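Open the structure in your viewer and keep the selection tool at hand. The stops below say what to select next and what is there.

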Amino acid sequence: MSLRTRLGKYVISIAACVLFYLVFSPSTFGQDAPPPACEWVMQKIASGAAQPSDFANVPESITCFWELAPQLRAQVMDTALRTLAPLQKSTPIVQTGATSGSNGTTSAVSKPSTPIASLATEYGGITSSTSNQTVTLQSTLAGVPSALVAHGIVPYCWSPVVLIPGCFKQKDLQTLNKFGLGLTFNTSGTSQTVNGTASPSQGTAQQASLSNASNRAPSFSGFFTKVALIQGTYKLPSKGPPGTPTLKARQELDQAFADPSTQHGILQTDVWNNLSTWMTDCVIKNFTRANLSAQTGEKYDKAKATSYFNKYYRQIVAILFDGTPADCSQNAPDVAAMPDPGKRIKDIPQTQLIERVTTYMASASIFESQLNQMLEAAASPALSFEYDFNKPISQPTTSTLKLIGSKGFGPTICNKSQGKATNAETTSADTDTAGVKRFTATLNIAGSLYNSPPANVPGAGVFRAFQAGTELDTAICNQSKLWIASYLGNATIGLTYYYQDQISPSILKITPGEPLSGITVTGLDPSTSSVFSKKGPISFVQIKYGLGVGKNVKFPIAFSWSNRTDLITHALWSAQFGVSYDFSSLLGSK
Amino acid sequence: MPIKVKLCEDDKGSPAKSFDFNGVTIYDTAKSPAQVVSGQPTGLTKTGFTLLLPVGIYDVVMILDHVPNAQVAYVFEDCDKANPLARILVFVTPTGSFYLKVA
C-alpha cells in the first residue's frame with residue numbers, strides 16, 4: 001500500500017469520527033450537559049447530602065449560576081478581582097536555608113518541605129573545612145502562581161467543579177507545590193581573590209597595585225531540587241485568611257436574590273415573582289431526590305438529571321435577564337438558547353445583580369486561594385526526595401541524592417486561645433499563631449557522587465560518601481505580649497547527629513600560580529593539579545537554637561563538634577549562624 | 001433566649017473536622033440597607049457560636065475554613081437536632097447563610 005493511499009485512509013477515518021461526533025454528540029440532541037457545579041449539586045441531592053431548596057437558593061449554589069449565565073463574563077471578573085485584592089490582605093504563612101553540603105549552612109539535616117518563597121543568609125560549614133557566607137533563595141514551583149491568585153491577578157478555581165476562564169486550578173497548584181527549587185551563592189570574601197604587583201622597594205615599605213582577580217559578584221555555590229513523595233495531611237489553620245470582605249459580598253448576594261417587598265431585595269417585582277415561582281414550582285418540586293436518582297437506590301441518574309436541568313433550571317437566565325415567566329409544567333420545553341445579554345440587561349437591578357455575583361465570585365476566589373496557600377504551607381511532606389548539585393570552592397562538583405523523612409509528634413503547642421472578636425462588624429474565630437507539634441524528628445539518608453570521575457587520585461571513585469543524619473527538634477512557646485520576650489521565647493532547640501562515610505577522598509583542585517581559597521598547603525610540587533586528603537568516617541553533633549517560631553524572620557544559631565571534616569583529620573568545634581526571611585507573606589498579598 | 005449554633009460534619013450531627021468557622025456576621029434586614037448587628041454573635045469558636053437578638057429578621061452569614069475537597073457542612077441549632085439551619089455547599093462556595101426570625 002502506498003504512503004498516499006495510507007494517508008488517504010487516515011484522513012477519511014478522522015473525518016468519519018468528526019462527523020459521527022457532530023451527529024451524535026449530546027449538544028446535537030439539545031441535551032447539553034449541565035455545568036460541573038450544577039451537576040455536583042444535583043448529585044448531592046440524589047445522595048441526600050443536599051436538598052432541592054439548596055439548589056433553588058441561588059446564592060447557596062452560586063457557582064452553578066456563574067457557570068450557566070452567559071452574562072457573567074471573565075472580563076468583569078478580572079475587574080472585580082483587581083478591585084478586591086487590595087482589600088483582602090492575607091495573614092502571613094510560616095517557614096526557611098542551604099543544604100548540608102554547602103560551605104555556608106546551619107543545617108546538617110535537610111527538611112522535607114520547601115517554603116513558598118524564602119531568602120536565607122548563613123555562615124558556617126558542616127563537613128566542609130572552610131566556612132563561608134552563603135545566600136540561599138528557595139521556592140516551590142507553586143510560589144509564583146500562588147502569588148498571582150492570592151493577589152487577584154489570576155482567578156483561582158478552588159475545586160474541580162468550579163470553572164472560571166483562565167483560572168489556576170487547585171489540583172495544578174497542589175501538584176506544583178510538591179516541587180521545590182533552591183539556589184545558593186557564595187557571598188563571603190573567601191570566594192573572591194585579589195591579585196597585585198609590587199613596585200620597587202622603598203626601604204622596608206613597598207607600594208603595590210592591587211586588582212580583583214575574580215568577579216566580586218556572588219559566586220554560584222549550588223542548587224537543589226526537592227519533590228514530595230508522600231504529602232502530609234492537610235490541617236485547618238488556627239487563623240484562616242480574612243473572611244470579612246467575602247461575608248459582606250455574600251450578604252449583598254443574598255439581598256440580590258431576596259424578596260424586594262420584605263427583605264430589601266433589588267429585583268423588579270415581576271422578575272422576583274417569576275423567580276419565586278421558579279424556585280418553588282420548577283426547582284423545589286422537580287429536583288427531588290427521587291427524581292434525580294435511579295430507581296435502584298441513591299445512585300445519581302445523569303440522564304434524568306440532565307433532562308430536568310435543561311427543562312427547568314436553565315430558565316433562570318431568561319427569567320432574570322429577559323423578564324420571561326417561569327414554565328414549570330410537565331410539558332415545558334428544553335431551554336434551547338439562553339438570552340445573551342437579554343432584554344433587561346441594561347436595567348439597574350440586572351446590572352447590580354451581575355456586579356454582586358461577580359464581586360462574590362472574585363472575593364471567594366481570593367479567599368480560597370489564600371486558604372489554599374495556608375493549607376499547603378502547613379501540610380509539610382512526610383517523605384521527600386532531594387537532589388543537590390554542589391560546587392564547593394576549589395573542589396570538584398558533586399551531586400547528592402537524598403531521602404528525607406519527617407514526623408511531628410507530641411501535643412500541639414503555640415496555639416493561642418480561640419474566639420477573639422476582631423472588630424465591631426465581624427466576629428472571627430481568630431487565633432494569632434499556628435499550632436506546632438512539640439517534637440519533630442527528621443531523618444536523612446543520602447549518597448554523594450563526584451560529577452566527573454576523579455582522575456589520578458588513588459582510591460577515588462565516582463561514589464564519594466554515604467551520609468545519614470537525624471535531627472530532633474523541640475518547640476518552646478511563650479505567650480508574652482512583650483515583643484522581645486515573645487521573640488526569644490518562641491524558638492526551637494534542635495539536636496542533630498550526622499554521619500558521613502567517605503568512600504572516596506576529598507579533593508582540592510589546584511590551578512598553578514593561584515592560591516587556594518582559605519587553604520594553605522606547603523611543600524606542593526609546582527606540577528601538582530590536585531590534592532587529596534585521608535578518607536574516613538565523619539561524626540558530627542550539633543545543637544541549634546532557632547529563634548522565631550511562627551515569624552517571618554528567623555535566626556538559627558548552632559554549635560557543633562565533629563571528629564574531622566572532609567579535609568581536616570582531627571576533631572574540631574565550630575559555630576554556624578544565619579538569618580532567613582520568609583517572604584511567603586508578601587506572595588500572600590500581605 | 002440565646003440560640004446555640006453548631007457546625008457539624010454531617011447531617012447526623014457529628015462534630016465538624018473538615019471545616020471551621022472563619023467568621024460570622026449578623027445583618028439586621030429590617031433596616032435598609034441591612035445593617036451589621038454589633039456584638040453578635042457571642043462565644044464564637046471554631047465550631048459554634050451563640051446568638052442573643054431582639055425581635056426582628058436577621059441574615060446570619062457564615063464563612064468557613066475547610067480542607068481541600070471538603071463537601072457539605074451542616075449548621076444546626078444543636079448538633080443533635082433533626083433539621084439543620086443551613087447546609088453550606090463548601091465544594092462550590094465557602095459561605096452559607098440563613099434567615100432567622102426572632103418573634
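**Stop 1: a sheet in chain B**

Select four strands of chain B, which form an open sheet in the order β4-β1-β6-β7, with antiparallel pairing. Its edge strands are β4 and β7 (86–88) of chain B, and each of these pairs on one side only. On average, neighbouring strands in this sheet are turned by 20° against each other, direction ignored. The model on screen is a predicted one.

Which residue of β4(B) stands opposite B:Val5? Select B:Phe49 to see the residue in that place. As a general point, strands of a sheet pair through backbone hydrogen bonds, either parallel or antiparallel.

**Stop 2: chain B as a whole**

Show chain B from end to end. Chain B has eight strands and zero helices, and along the sequence its pattern reads β-β-β-β-β-β-β-β. Its C-alpha atoms fill a box of roughly 35 × 25 × 20 Å along the principal axes. The radius of gyration of chain B is 13 Å, which agrees with the value near 13 Å that a compact globule of 103 residues would have. Of the 103 residues, 50% count as buried. Among contacts in chain B with a separation of 6 or more, 63% are between residues 24 or more positions apart.

**Stop 3: two loops of chain B**

Select B:Gln40 and B:Pro41. The peptide bond that joins them is cis, with omega about -5°. B:Pro41 is in the loop between β3 (35–36) and β4 (48–51) of chain B.

Go on to B:Asn69, in the loop between β5 (56–66) and β6 (73–76) of chain B. Its phi is near 65°, a positive value in a residue other than glycine. Is B:Asn69 buried, exposed or partly exposed? B:Asn69 counts as partly exposed because 14 other C-beta atoms lie within 10 Å, while a buried residue would need 20 or more and an exposed one 12 or fewer.

**Stop 4: a cis bond and a helix pair in chain A**

Move to chain A and select A:Asp340 and A:Pro341. The peptide bond from A:Asp340 to A:Pro341 is cis, with omega near 5°. A:Pro341 lies in the loop between α12 (315–321) and α13 of chain A.

Next, select α6 (residues 143–150) and α13 of chain A. These helices pack at an angle of about 145°, and their axes are 8 Å apart. Their crossing is left-handed. On the α6(A) side the contact is made by A:Ser146, A:Val149 and A:Ala150, and on the α13(A) side by A:Ile366, A:Ser369, A:Gln370 and A:Gln373. By class, this contact has three nonpolar, four polar and no charged residues.

**Stop 5: where the chains meet**

Finally, show both chains together. Here 44 residues of chain A are in contact with 36 residues of chain B. The elements that give two or more residues to the chain A side are α2 (36–47), α4 (62–68), α8 (244–256), α13 (348–378) and β11 (427–428) of chain A. Which of them gives the most? Select α8(A), which gives seven residues to the side that touches chain B. Colour that side of chain A by class to find 19 nonpolar, 18 polar and seven charged residues.

Methods
Residues are numbered from 1 along each chain as its sequence is written. Chains are lettered from A and ligands numbered from 1 in the order in which they are written. This is a predicted model: local features need pLDDT of at least 70, side-chain atom pairs count only at pLDDT 80 or more; totals for chains, interfaces and linings use all residues. Two residues are in contact if their C-beta atoms, placed from the backbone, lie within 7 Å. Ala, Val, Leu, Ile, Met, Phe, Trp, Tyr, Cys and Pro count as nonpolar, Asp, Glu, Lys and Arg as charged, and the others, Gly among them, as polar. The radius of gyration is taken over C-alpha atoms; the globule rule is 2.2 Å times the number of residues to the power 0.38. Axes are lines fitted to C-alpha atoms, for helices over the stretch in contact, and angles run from 0 to 180 degrees between N-to-C directions. A crossing is left-handed if the near helix is turned anticlockwise from the far one by less than a right angle, and right-handed if clockwise. Two strands pair if DSSP finds at least two bridges between them.
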